[in-house]
Amino acid sequence: MARRRTKILVVGSTGQVGSELTPALRRRYGFENVIAGWHTRPPTPSLREGPTVRLDAMRRSDVERVVRKFEVDSIYHLGVVLSAVGEKSPERAWTVNIDGLRNVLEAARKNGVPNIFWPSSMAVFGKGAPRDNTPQDAPLLPSTIYGVTKVAGELLCNYYFGRFGLDVRSLRFPGIISSETPPGGGTTDYAVEIFYEAIRKERYTCFLKPETTLPMMYMPDCVKATVQLMESAASKIKVRTSYNVTGMSFSASELAKEIRTHIPEFKCNYRVDFRQAIADSWPRSMDDSAARSDWGWYPEHNLSSMTKEMLARVNDRLK
Ligand code: AKB
């Protein structure tokens with residue numbers, strides 16, 4: 001039975017996760033109860049089927065204005081600068097990722113918004129963390145500014161929970177694979193681009209080495225994990241920094257091989273760039289047993305089911 005939430009604000013609703021999480025929340029809690037917040041990228045016609053609002057998370061007064069106007073009681077804060085773009089502009093990554101989160105947490109605290117969701121990432125891991133089956137409590141020594149902002153953000157969420165009792169919940173996502181909106185500027189983006197290029201051109205040039213293995217998750221599992229975490233009883237949430245969650249792990253060449261079972265002519269070439277070093281600092285697979293035992297998480301998709309569905313969806317989009 002869904003926990004009742006009267007008004008949800010999604011900050012960053014037009015991004016990769018927001019564009020699929022927002023409609024899923026609307027189907028679950030009612031269209032009029034989920035406000036799609038956007039800033040630079042305007043909402044699609046389907047997002048406009050419910051309430052939308054333009055807001056700049058960099059301005060606390062803007063966040064507070066929207067929270068009060070819609071009497072919001074839950075905020076899903078998804079606005080972010082990802083790993084690859086972050087390395088080109090570390091200052092901007094810090095400002096967007098940390099100031100945006102601080103503004104949301106403060107607006108929530110001051111206006112009595114009890115529930116917050118904020119995504120962290122596997123990018124919190126780096127030196128000293130085992131790369132296979134990376135444990136929940138492995139050292140957090142990221143080599144990217146994106147990872148640094150995710151570690152700082154996790155600590156901030158944990159602080160707001162302990163100090164102010166804000167019910168902030170978070171997941172360390174692996175690479176997210178989806179068809180609705182492409183990711184912008186991450187290291188795992190290849191695992192989305194490859195589907196578009198396989199269908200359009202039957203070839204793709206990958207910016208990671210063929211043997212590079214990373215944890216990934218298909219969007220329906222990302223939505224499922226988020227909803228399940230947010231609906232769990234507070235007593236089950238034992239980790240107040242962020243939970244490891246994962247769906248599958250594969251290398252770039254394994255994904256290409258799986259695509260070839262559907263498109264035999266597909267060819268994948270490799271031209272490595274600066275993103276290889278980022279991928280090499282991240283887990284190859286993650287241990288999400290804490291999420292499984294605390295609130296019953298399990299993924300539903302594997303490499304083969306995800307590939308089949310992605311090809312069908314991307315094919316439809318490109319028609
Ligand atoms: C990225 O590649 O930057 C993100 C992430 C793993 O958090 N997809």
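## Strand β4 and its neighbours

Strand β1 (residues 8-11) and β4 run parallel and are joined by four bridges, where strands are DSSP runs of E with at least two residues, numbered from the N terminus, and two strands count as paired if DSSP finds at least two bridges between them. Val10 stands opposite Tyr76 in β4. This is a predicted model, in which local features need pLDDT of at least 70 and side-chain atom pairs count only at pLDDT 80 or more, while totals for chains, interfaces and linings use all residues. Residues are numbered from 1 along each chain as its sequence is written, and side-chain values use heavy atoms, with hydrogens and water left out.

In a regular strand the side chains alternate between the two faces of the sheet. In β4 (residues 74-77), Ser74 and Tyr76 point one way and Ile75 and His77 the other, and all of them are buried, a term that stands for under 20% relative accessible area, with over 50% called exposed and values in between partly exposed (1.4 Å probe, protein chains only).

Strand β5 (residues 115-121) runs parallel to β4, to which three bridges join it; Ile75 has Ile116 as its bridge partner in β5, and Tyr76 stands opposite Phe117. Strand β6 (residues 167-173) is also parallel to β5, with seven bridges joining the two, and here Ile116 has Val168 as its bridge partner, while Ser121 is partnered by Phe173.

Because seven of the seven residues of β5 are buried, this strand is largely enclosed by the rest of the structure. The burial extends to both faces, with Asn115, Phe117, Pro119 and Ser121 on one side and Ile116, Trp118 and Ser120 on the other.

Helices are DSSP runs of H or I with at least four residues; axes are lines fitted to C-alpha atoms, for helices over the stretch in contact, and angles run from 0 to 180 degrees between N-to-C directions.

## The three-stranded sheet

A further open sheet has three strands in the order β7-β9-β11, with mixed pairing. Strands β7 (175-177) and β11 (248-251) stand at its edges with a single partner strand each, so one side of each is left without a neighbour in the sheet. Strand β9 (residues 213-218) pairs with β11 in the antiparallel sense over four bridges, and Pro215 stands opposite Ser249 in β11.

## The packing of α6 and α8

Helix α6 (residues 190-201) and helix α8 (residues 252-260) pack at an angle of about 30°, with their axes 11 Å apart. The two helices are therefore roughly parallel to each other, a label given to angles under 35 degrees. The contact (heavy atoms within 4.5 Å) is made by Tyr190, Ala191, Ile194, Phe195 and Ala198 of α6 and by Ala252, Leu255, Ala256 and Ile259 of α8.

Among the buried residues of α6 are Tyr190, Val192, Tyr196 and Glu197. Just after α6, Glu202 takes a positive phi of about 60°.

How values were computed. Angles under 35 degrees count as roughly parallel, over 145 as roughly antiparallel, 65 to 115 as roughly perpendicular and the rest as oblique.
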